[in-house]
Amino acid sequence: MNLEGKVALVTGSSQGIGQSIVLRLAQAGADVVINYRSHPEGAEETLAKVQAFSAERNSEGTGGNCHMAKCLNAQGHTIQADLGSVTEVRQLIAESINHFGKLDVLVNNAGIEKHAPFWDVTEADYDAVLNVNLKGVFFATQAFVQHLIATKRPGKIVNISSVHEDLPFPNFAAYCVSKGGMKMLTRNLAVELGALGITINNVAPGAIETPINTKLLNDSEKLGALLNNIPLGRLGQPQDVASLVAFLASADADYITGSTFFVDGGLLWNYQEQ
Ligand code: NAD
């Protein structure tokens, strides 16, 4: 997978899956915009890893993995923006384009979840989840597409969805609504954007070892029950998700659009068996 010359924006990339996606895209040669909401130190850590990686590749000279005169030299840039605000989402896209001169790849990764039985979900929590997970994605994608249309270029959109775009998750109704909406957004836009040479796909993780699952990771009983439901017998790692995103962002995936790809160790089909 070669992403040299491409510029990618990954929302919510100060930690977890987003950080891993940034590193994988940079490893493939892309310049990367690292977005964060409230943890600049996480974004700086991601940036430092991109820079260290590039420096390491370049110090290999023209030997080793560095075959071409122009060695991989991915650049990174951090931008603060709250994906729950459409104004900030539009500023994020504009600032990314302003910094690197263009955008080729958008990875809608930022996401949150709130736990509550359906009858106790507050309007504030519903809005918080839907604003980041669906409204932010909708308008980030719209601003990205407007840029591609204006510059007459193709592009790639990868959404980080969830097995819960299909699988019910009691006590997380708003989260499931947001990911189910993302599934239909992807299918709709695959049809609407195909003629423009823009592809859009969902990557749907199962249970991945990231801070979003801290509570679960500290509850040995719940964790054991979950592991029993994962045919491959382990939690996923952020890199398991990132490698698929890099593929979907590359020219190798030019003929793929409107699909969801599960990265769940078999979890979804196991639940559907029960
Ligand atoms: P995480 O909590 O570690 O990371 C989420 C990221 O989103 C963080 O960087 C956070 O700062 C960012 N974010 C949250 N709200 C934001 C906002 N308003 N503006 C900008 N950034 C914001 O979680 P993760 O596991 O890395 O999750 C990444 C994505 O993967 C999410 O969309 C999540 O729904 C999805 N996912 C995760 C799992 C899992 O098991 N970890 C499973 C399925 C789907």
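The model is predicted, so local features need pLDDT of at least 70 and side-chain atom pairs count only at pLDDT 80 or more, while totals for chains, interfaces and linings use all residues. Residues are numbered from 1 along each chain as its sequence is written, and side-chain values use heavy atoms, with hydrogens and water left out.

Starting with the overall build, the protein has nine helices and seven strands (DSSP runs numbered from the N terminus, with H or I of at least four residues for helices and E of at least two for strands). The C-alpha trace spans about 60 × 40 × 35 Å along its principal axes. Of the contacts (heavy atoms within 4.5 Å) between residues at least 6 apart in sequence, 73% join residues at least 24 apart.

On to the inside: 49% of the 274 residues are buried (under 20% relative accessible area, with exposed over 50% and partly exposed in between; 1.4 Å probe, protein chains only). The largest nonpolar core has 35 residues, and Leu9, Ile93, Leu103 and Ile157 have the most contacts inside it. Such a core is a set of buried Ala, Val, Leu, Ile, Met, Phe, Trp, Tyr and Cys residues joined through side-chain atoms within 4.5 Å. At least two residues of this core come from each of β1 (7-10), α3 (86-100), α4, α5 (173-193) and β6 (198-205), and α4 gives the largest share, eleven residues. Apart from this core lies another, of 32 residues, including Tyr36, Val50, Val107 and Ile208. Leaving aside neighbours within four places in sequence, Leu9 touches, among others, Val33, Ile93, Leu103 and Val107.

Out on the surface, Phe118 sits in the loop between β4 (105-108) and α4 (123-150) and counts as exposed because its relative accessibility is 63%. Phe118, Trp119, Val121, Tyr126 and Val177 make a nonpolar surface patch of about 580 Å².

Most residues other than glycine have a negative phi. Lys152, in the loop between α4 and β5 (155-160), has a positive phi near 50 degrees and is exposed at 77% relative accessible area. Asn171, in the loop between β5 and α5, has a positive phi near 75 degrees and is partly exposed at 33%.

Technical notes:
Patch = residues over 30% accessible without salt bridge, like charges linked within 9 Å, V, L, I, M, F, W, Y side chains within 5 Å. Areas by Shrake-Rupley, 256 points an atom, 1.4 Å probe, with all protein chains shown as cover. Salt bridge = Lys/Arg side-chain N within 4 Å of Asp/Glu carboxyl O.
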